[in-house]
Amino acid sequence: MDETQNNRTSLVKGAKDIAKEAKRQASKNFSKAVDRASDEYSAHRSYNRFQNEDEEENNYNNYTQQDGHYAGNAANDEDGASSDATEGHDDEDEIYEGEYQGVPAYNDGKPREGQVALGQPVSDSLKSRKELENERQADEEELAQQYELIMQECGHGRFQWQLFFVLGLALMSDGVEVFVVGFVLPSAETDMCVPNSGAGWLGSIVYLGMMFGAFFWGGLSDKVGRRQCLLISMSVNGFFAFLSSFVQGYSMFLFCRMVSGFGIGGAVPIVFSYFAEVLAREKRGEHLSWLCMFWMIGGIYASAMAWAIIPHYGWSFSMGSAYQFHSWRVFVVVCALPCVSAVVALTFMPESPRFYLEMGKHDEAWMVLKQIHDTNMRARGEPERVFTVNRIKIPKQLDELVEMQNESANPVLKVLFKIKAELRGIWLTFMRCFNYPVKDNTVKLAAVWFTLSFGYYGLSVWFPDVIKHLQADEYASRVKIHNSERIEDFTFNFTLENQIHRNGVFLNDRFISMKFKAVTFIDSSFLNCYFEDVSSVGSFFKNCTFVDSFFYNTDIDDSKLINSSLINSSFHHNKTGCQMTFDDDYSAYWVYFVNFLGTLAVLPGNIVSALLMDKIGRLSMLGGSMVLSGISCFFLWFGTSESMMIFMLCLYNGLSISAWNSLDVVTTELYPTDRRGTGFGFCNAMCKLAAVLGNLIFGSLVGITKAIPILLASSVLVGGGLVGLRLPDTRANVLM
C-alpha cells in the first residue's frame, strides 16, 4: 500500500519536473522568435500597421484550426513542443528582403476554401450601408497615411519631372484655348460675314463648352481613371480645334469650337488631380504651383503666334471663290500643336497609382509605384535600392446596385445603358460633394472660384476693349474733313485713310487699284466715275448719288451704300464675301503685343507663389492675392492713357496669379480621392460660368462708364478673398 503510494508520488513529481522543463523550453523558443521578429522590424520600413485586421484574425484561425490538432488537443500538448512548420528552421534560411518574388498578393481577409469562419467579422451583407461607409472611411484614412510613407520612399525625381512636362503640355493647351477665342474672334467674324446679331457668340459658346467639359470629364476621371479621361478629352479638343480651321460656315465653326472647348474643359481638374497623387506632402504645394506656369506659357505662346501670324494677310490662300484659308486659320492650326503633343506624350505615362488603390486594384497600383521608385532610384545612381513595400491597404469596396442588362440585348442599347450608368455615377459622386464633411468646403470653393474668375475674365475683356476704345478715339481725333470739294478728271490709285468728305462733287474721276480705309462720303455726288479693283475697309457712302458710274471688281455693295441712289450705274464682277485685310491696320499688332505683355507679367507672380506656397501657406496667399488684386482695380480710375492702362493690366495680372495657383492647390487637397476630380470639375465649371457672365457684363460697359466695372471687379475680388480665408488650411494634409 505504502509502496504504491510512493510510486504514485514519484510519478507526480516526475510529471511536474517534465512540465517545468517543457515550459522553460517553450519560453526560450518564444524569446528567440520575438528577437528575430524585432530584428526583422528594424531592418524594414514597417507598413504592417496598415494591413487589414482581418489578416491577423485569419492567421489566428488558421493556427487554431490546422488539422484540428492545436485547438482540440491543447490540454495534451506541452507549451514547448515544436511544430512541423518551425522544426529544423534556422535563422540563416530567411529569404533576403530584396529578393524579387513577383507582385505581392493582396490578402482580402476572406476565408480560404474549406476554412471555418470561426471568429471572423460579421459579413458585409449583414451590415448597414452607413457601417460599410464608416469602415471605408477608416480604411481611406489608413491608406492616406501609408501612401504618404510610400511616396516618401519612392522619392521625388525623374518620374515626377517627366509627368510634370507631359501634364504641363495639357495645361498649356487650356491656356491657349482661352486666348485663341479673343484673338480669332474679330478675324473670324469678319471673314465669315457675321452680322452684328451673331457677333460675340464665339467667346460665350467656347466658355460654355469648357464649363460642361470640366464637370463631365472631372467626374468621369473618378470613375475610369485620370490618364484615360485626359487622353480622351485632349484628343477631342485637338481633333475639333484642327477641324475648325478648315470649316467655312460660321455656325459649323461655332460647333467645332464648342466641342473643342468641351474637350479641353477636362484638362485643369484632371491635370492637378493626377499630378498631386504622385507627390509627397512636402513637395505638393511647390510643384503644383510650378505646374501652373504652363497655363501662362500657353497664353504667351498664343499671343506670340497671333502677333506673328494673324496680321500677315499674305499667309492665306484660296481655292476659287468658295474656299478661303486666311492667316487666322493658320493661327488656329498652330495653336492645336500643344494639345497634339500632350496626347502623344500621355500614351507613355501610367495611370495614377492612388486612383488604382481607390478602385481596389492593388497589383496595378503596386506595379506603378515600383516603376516610380525604380525610375527615381536609377536617376539617382542607386539602381540597387529595392522597393520594400509588399502590401498596401486598399479601402473597402462598396458594391453599387446597378441594373444588369440581358447578354443578348442590342449592342446599341448596351452602349446607351453604359453611358446612362456612367452619367448616373458622375451625378451621384457630385451629390456626395455636398455631404458632410466636404459640403461647406464645396460651397466656399465654388464661391471663391466664381468671384476670382468673374473679376479676372471680366477685366481681361474690359482692358483690351478699353485700350482699343482709347486708340479709336485718338485715331478719330486725327480725321481729315473735306467740305464742298470738286474734283474732275483725276485718277485715285493710292489709299485714302481716316477722312470725311461732305458735299463733294466727283466728275469723270477714276478710282483704280486703291483702298478706302475709314473713309466716309456724306451727301456727295459721283458723275461718270469709274471704280476698278477697289476695296473699302470701314468706309461708307451716306446719302450719296451715283450717275453713269461703272463698278468693276469692287467690294462696294448695298451694306456700304447707305441711303444712296444709283442712276444708270452698273456693277460687274463684284467681290463676294467679306473682305478682310490687316495691311496698315493701326491696332492689330498693338492689341496682340498688349496681351503678350499682360501674360508675361504673370511670370514674377508665378515664381513667388511657387517658392512661398509651403512657407506662408495656401490660404494666406489666396486671400492676400485676391484682396490686393481688388485694391489694384481702384487705380484704374486714373487710367486715361494707353500706357497707364497697360501698366495697370500688368500689375493686376501679376497680383492675381498667386490666387489662381493657391486655389488650384487648395482645391486638389481638400477633396478625397474618390471625389477629387468631380469636386475640382464642378469648381472649374463655376469658373467658366463666371467667365461667360464676365464677358457679357464687362463687354457691354466698354466706352460707357468706368465706375461700374471698377467697383464690380473690386467688390467681388475682395469678397472672394475673405471667403477664401475661411477655408481649412491644407498644408499638413495627406491626400485622402
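## Strand 6 and its partners

Lysine 480 has glutamine 499 as its bridge partner in strand 6, and this pair belongs to the contact between strand 3 (residues 480-483) and strand 6, which run parallel and are joined by four bridges. Strands here are DSSP runs (E, at least two residues) numbered from the N terminus, and two of them count as paired if DSSP finds at least two bridges between them. The model is predicted, with local features requiring pLDDT of at least 70 and side-chain atom pairs pLDDT 80 or more, while totals for chains, interfaces and linings use all residues. Residues are numbered from 1 along each chain as its sequence is written, and side-chain values use heavy atoms, with hydrogens and water left out.

Strand 6 also pairs with strand 8 (residues 510-522) in the parallel sense, over six bridges, and isoleucine 500 has threonine 520 as its bridge partner in strand 8. Because five of the seven residues of strand 6 (residues 496-502) are buried, this strand is largely enclosed by the rest of the structure; buried means under 20% relative accessible area, with a 1.4 Å probe and protein chains only.

Five strands, in the order 4-7-9-12-15, form an open sheet with parallel pairing. Strand 4 (486-488) and strand 15 (565-567) each have a single partner strand and stand at the edges, so one side of each is left without a neighbour in the sheet. Neighbouring strands of this sheet are turned against each other by 10 degrees on average, direction ignored, where the axes are lines fitted to C-alpha atoms and angles run from 0 to 180 degrees between N-to-C directions.

Methods
Buried means under 20% relative accessible area, exposed over 50%, partly exposed in between (1.4 Å probe, protein chains only).
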